[in-house]
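Please find below some notes on the model you sent.

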Amino acid sequence: MRRILPIILIALLASCSFVSEEKEKSEKIARPAIILENAEYTLGQSGENPIFIESTLMSFYSAEERATAENLKFIQYDDEGNPSITGSADYADIDTSARTMDLSGHVSLEQHGSNMHIEAESLYFDSSSSEIEAEGDVRVSSDDGIFSGTGFKGDLREDSYSFSSIKEGVFNL
């Protein structure tokens, strides 16, 4: 009897399961490979005009080929070495492979050749194609006038811009 009792107890415990029916999903936590304070970073490749970024805090996620930047300023020079695009934002999510930036928080971008200034809460900037896009409220001022609206798209190389909806605008003639 003494030998049967431990065998029965072991069989009962082995058949019990303490696993919940609702399994919790665990998400992979992305951890930066490196974090830099007061960082300077060059976004681009040789043979093109890169964007130079200064940030109070940059985190690089090398496995995902991306970086994040806080309180950043950026500048891109033309072929003659003159500033062509300057800007700033509170935050950026940067795809280092595709050379794109998702900017957010008090975004400001200025294209010096056409004397155009863009202000938005968020803006997507593709540095390889020089295309920009903003879904929310956007204010654009240039020598042509001042416009505000939503659904802004622009091609900085071709100097072509559009809004899906204009709230107000003034043309300078």
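This is a predicted model: local features need pLDDT of at least 70, side-chain atom pairs count only at pLDDT 80 or more; totals for chains, interfaces and linings use all residues.

1. Helices and strands here are DSSP runs, a helix having at least four residues and a strand at least two, numbered from the N terminus.

2. The protein chain has 173 residues, 31% of them buried. Its accessible surface is about 11,700 Å², and carbon and sulfur atoms account for 50% of that area. Of the contacts between residues at least 6 apart in sequence, 36% join residues at least 24 apart.

3. Nonpolar side chains tend to be buried together in soluble globular proteins. In this model the largest nonpolar core holds 31 residues, and Phe 74 and Phe 125 have the most contacts inside it. Two or more residues each come from β1 (34–43), β2 (51–61), β3 (66–77), β4 (83–95), β5 (100–111), β6 (116–126), β7 and β8 (138–142). The largest share, five residues, is from β6.

4. Which residues does Phe 74 contact, leaving aside neighbours within four places in sequence? Among them are Ile 51, Phe 52, Ile 53, Ile 85, Met 101, Leu 103, Leu 109 and Phe 125. Thr 86, Gly 87, Ser 88 and Ser 108 are also in contact with Phe 74.

5. Glu 133 belongs to strand β7, which spans residues 131–134. Glu 133 counts as partly exposed because its relative accessibility is 31%, between the cut-offs of 20% and 50%. Not counting residues up to four places away in sequence, Glu 133 touches Leu 123, Tyr 124, Phe 152 and Lys 153. Tyr 161 is 28 residues from Glu 133 along the chain, with 9.7 Å between their C-alpha atoms.

Methods: Residues are numbered from 1 along each chain as its sequence is written. Side-chain values use heavy atoms; hydrogens and water are left out. Buried means under 20% relative accessible area, exposed over 50%, partly exposed in between (1.4 Å probe, protein chains only). Contact means heavy atoms within 4.5 Å. A nonpolar core is a set of buried Ala, Val, Leu, Ile, Met, Phe, Trp, Tyr and Cys residues joined through side-chain atoms within 4.5 Å. Accessible areas come from the Shrake-Rupley method with a 1.4 Å probe; for residues, only the protein chains shown count as cover.
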